[in-house]
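Q: I would like to learn how to read a model of this kind step by step. Could we take one feature at a time?

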Amino acid sequence: MVTIIDRTLTTFNTSGLTDRDLNHFCDLLFTCGVTKIELTPELVDRLSFPASAASLKQWLEGRNFFLTQILSGPLTSDRPGMKEPKALWKLEPNELVEKNIPVSKLNSCHHQKVRITGLEDLMTRDYSEVFKALLNSDIDTLDLCPGNQQHCATAIALEWLLAGGQSISCGFANHHHFPPLEEVLMGLKLNQPDLFTGDLSVLSELRDLYEKLTGQPVGKMKAIIGTDIFKVESGIHVDGVLKNPHTYEPFNPQTVGNQREIVLGKHSGRQSLLYKLNEPELSESTAHIILKQIKSRCTQLGRNLSDRELRTLASEVQNDKPTEIYC
Amino acid sequence: MTNRQKYIVDTTLRDGEQSPGIAFSVREKVTIAKALDALGVSRIEAGTPAMGREECRAFEKIKLACQKAQIIGWNRMNLSDISQSIGCGADIIHVCVPASDLLIREKLRTTRSQVLETLSACAAAIHDEKRELTIGLEDASRADWDFVVLLIETARDLGATTLRFSDTVGIMSPSLCKATISRIPDNIDIEVHMHNDLGMAVANSIQGLRSGAKYADSTLFGIGERAGNCNLEHLLIATQGQLDFGISLDELQWRQADLKSIIYKNKLAYA
């Protein structure tokens, strides 16, 4: 198994976080496949630990630390006769020394636990040679945290793991320069399912909580976690998705806690309209008029029509009344 | 390393506009096309003429407004669509061919041999009108490689000038992209069309270009189906000093900023 380190909680001001939200956020990160969560010492006393926060802080000596999961002995579950292990959390100091140096100088590095940062331009170079050099170095623990300034950090992270790298550092969503965690996890799930054991269906819940904690909205089209990525509008794609969703979906929306939705807009065809109105008997000429109005309204508004707006428009066309939709 | 000179095929007005909630008027399409032309984009995929009269009108105006870029009309693999594209004056007639068995079987409900037959008929109609033909392999990343090879040979034999390799659902890794594009014979120009479902459209486009592709497809702000297409600005940032698309990053950034209110009329869509 590879080590997936999440650094999200080091990227924003956590002073306003409630203990409950912090614990829930960490819980969700572990559920989706994170191995270690990097935290600042200030967060120690906010976690649910039986030991005194003061002694833990002293032990950390001001360094960031990792929260990891350990499995305790089996506990009786709700289902009769079934026993499931319960996950417990433990702390360990973050002993990784961050290095942003050329790969050729790695052998002069005297630390045995290293996190390599930078390398953001690796996709325009022979990255497989760089990975070979890294893997052949005599460093015991080598974590990679490539920068995302060139929008290729996910690709670098995934290729690192596919090449044999054992540890990668990421951050949830994209308001930082770390590889987006959700993209790395899905890349790993699709390319190396044997290396992946997480449950990504919690990603939508994690996104909502992240937005609440950071006050930063996640883009609606953001890969893996955007709310709109499974909306289908264009007639060509609706046709395919209604016949077999797999035709135009990289993975099932439920895998990431999302759902597909047929929406109406400028590129909709008759099939989408009949599907949305659930009126298979709608005449061709009426459908044509409704579609024309939809196209015009959506171009004007710059968005799709809601189901309610559609029903209003359809009923007005069918009753031959002029329609108006306001922004 | 292959030739540093590469070219952009911008599909903001076609694949980009297919993004749910994004819709342009004729006037807006012309404004965007003029900006892309001024930037130095070599080919502009201006839309799908089969969508109707309004789309054809946009094409005609775009054709008049653009001075250097070639204008592409995107078509499904059928003669009626192609006739519309020819009719509205597109320089390049692009035919999209479903390449994976999944699309052939589940969407088209046809067979590989029927696909090849229909493609030949489409190519003949395009050549009759003396237009440039380019062929796109839809869902090529999930297609059987032997059939991909057959389609590439067919495209070349049918006189297509460019072959578009599409990662339609954005599932390729950079190493797979590199290995795949490297295997395509170099007797036809290659164009890579990468989607961003796993957040790797820019990296995959770079790998495609480094492995021999001459063209990369992209959109402004990376708009497109689901998680979008390769983001032009990001591609330029990532390849600065490495690949030359003949486009200035600074100019792209200010022109793109000017177009933001047209592309995102609904501000909530952009975050």
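Q: How many residues does the contact take from chain B, and how many from chain A?

A: The size of an interface is often given as the accessible area lost when the parts come together. In this predicted model, counting residues instead, the contact takes 50 residues from chain A and 38 from chain B. On the side of chain B that touches chain A, the elements giving two or more residues are α5 (101–108), α8 (174–183), α9 (201–210) and α10 (232–239) of chain B. By class, that side of chain B has 18 nonpolar, 13 polar and seven charged residues.

Q: What span should helix α6 (residues 203–214) of chain A have, and which of its residues are buried?

A: At 1.5 Å a residue, the 12 residues of α6(A) should span 16 Å, and this agrees with its end C-alpha atoms, which are 16 Å apart. Buried in α6(A) are Leu203(A), Leu206(A), Arg207(A), Tyr210(A) and Leu213(A). Because these residues cover an arc of only 135° around the axis, they lie on the same side of α6(A). What covers them includes α1 (19–31) and α5 (181–191) of chain A. Just after the helix, Gly215(A) takes a positive phi of about 75°.

Q: At what angle do helix α7 (residues 235–243) and helix α8 (residues 270–277) of chain A pack?

A: Their angle is about 55°, with the axes 8 Å apart, which means that α7(A) is oblique to α8(A). In this contact, Gly235(A), Val238(A), Asp239(A) and Leu242(A) of α7(A) meet Gln271(A), Ser272(A) and Tyr275(A) of α8(A). These residues divide into three nonpolar, three polar and one charged.

Technical notes
Residues numbered from 1 in each chain as written. Chains lettered and ligands numbered in written order. Predicted model: local features only at pLDDT ≥ 70, side-chain atom pairs only at ≥ 80, totals over all residues. Helix = DSSP H or I, 4+ residues; strand = E, 2+ residues; numbered from the N terminus. Expected span 1.5 Å × (residues − 1). Buried ≥ 20, exposed ≤ 12 C-beta atoms within 10 Å, placed from the backbone. Arc of directions from axis to C-beta. Contact = placed C-beta atoms within 7 Å. Axes fitted to C-alpha atoms, helices over the stretch in contact; angles between N-to-C directions. Parallel < 35°, antiparallel > 145°, perpendicular 65-115°, else oblique. Nonpolar A, V, L, I, M, F, W, Y, C, P; charged D, E, K, R; others polar.
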